[in-house]
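Hi,

Here is the structure I promised to pass on.

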Amino acid sequence: MNDDTFLAHVADDLAALPAVHAVTLGGSRAEGTHGPGSDWDFAVYYRGDFHPADLRALGWAGEVSEIGAWGGGVFNGGAWLTIDGRQVDVHYRDLDAVERHLAEAGEGRFHWEPLMFHLAGVPSYLPVAELAVNRVLRGGLPRPDYPEALRETAPAMWRGRAELTLRYTRGAFVPRGQATEVAGALATAAMETAHAVLAARGEWVTNEKRLLRRAGLRQVDAVIAGLRTDTEALAKAVDDAESLFRSVDSTTG
């Protein structure tokens, strides 16, 4: 199958699953930044009783999780599959939960969740960001603008997390000469700051892969690359990172 045929085939099969109301394409394939080997990221939006066994019954090779197996919360499960030789991810999206997150984001309310492979974790408005940027293949979904209320509340939360991360680093890791822990903390604080910058601009974020570049924070690479185990060098690195985070401009791309 060529890519168009493949896309239609998978979208039709996913849309036909019981309780599924819409199917989207996300990630680099939706944004047009993909390469030949990029994964295909689909999401199924369901209402009521969605049974992963129905997805498993399609016979595609791979792993299909149960609802809640990925920790619940924003990411409540999904599948890693191989279809026609292509690597495919399928995410479960409960429409009742998505609509709740959408309403909360419109009022500037959200919460933070840990998530594997995401240094800074994710906000509960991530499913709202997906509605805004992902490509709807089957069914209908809202296409929200970035709420002004969220532009007021999200930057302060993310900046606050970055400040606390750096404060803890100064007290717990720097005095012990723990360069590895400092490196991890600086990377986390950089991601947190980047979330703040993009939220202030009203730009949606769905993952961390290009987050630092979008926020103008790639200079933190040089800070982390220069880490040494002596305490003075580590303290300076934290200071340099903090100065960078404070200087980044939230008004321009």
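Phe-50 has a relative accessible area of 5%, so this residue is buried (under 20% relative accessible area, with a 1.4 Å probe and protein chains only; exposed is over 50%, partly exposed in between). Tyr-46 counts as buried too, at 3%. Keep in mind that this is a predicted model: local features need pLDDT of at least 70, side-chain atom pairs count only at pLDDT 80 or more, and totals for chains, interfaces and linings use all residues. Residues are numbered from 1 along each chain as its sequence is written, and side-chain values use heavy atoms, leaving out hydrogens and water.

Now the rings. Eight aromatic pairs turn up here (Phe, Tyr or Trp rings, the six-membered one for Trp, with centres within 6.5 Å; planes under 30 degrees apart are stacked, over 60 edge-to-face, the rest tilted). Tyr-46 and Phe-50 make a stacked one, 4.9 Å centre to centre with 20 degrees between the planes. Tyr-146 and Trp-204 have centres 4.3 Å apart and planes at 40 degrees, so that pair is tilted. Both Tyr-146 and Trp-204 are buried, and together with Phe-110 and Tyr-125 they form one aromatic cluster.

Some charges sit over rings as well (NZ of Lys or CZ of Arg within 6 Å of the ring centre and within 35 degrees of the ring normal). The charged end of Arg-93 is 4.6 Å from the centre of the Phe-75 ring, while Arg-161 lies over the face of Trp-112, at 3.9 Å from the ring centre.

Cheers
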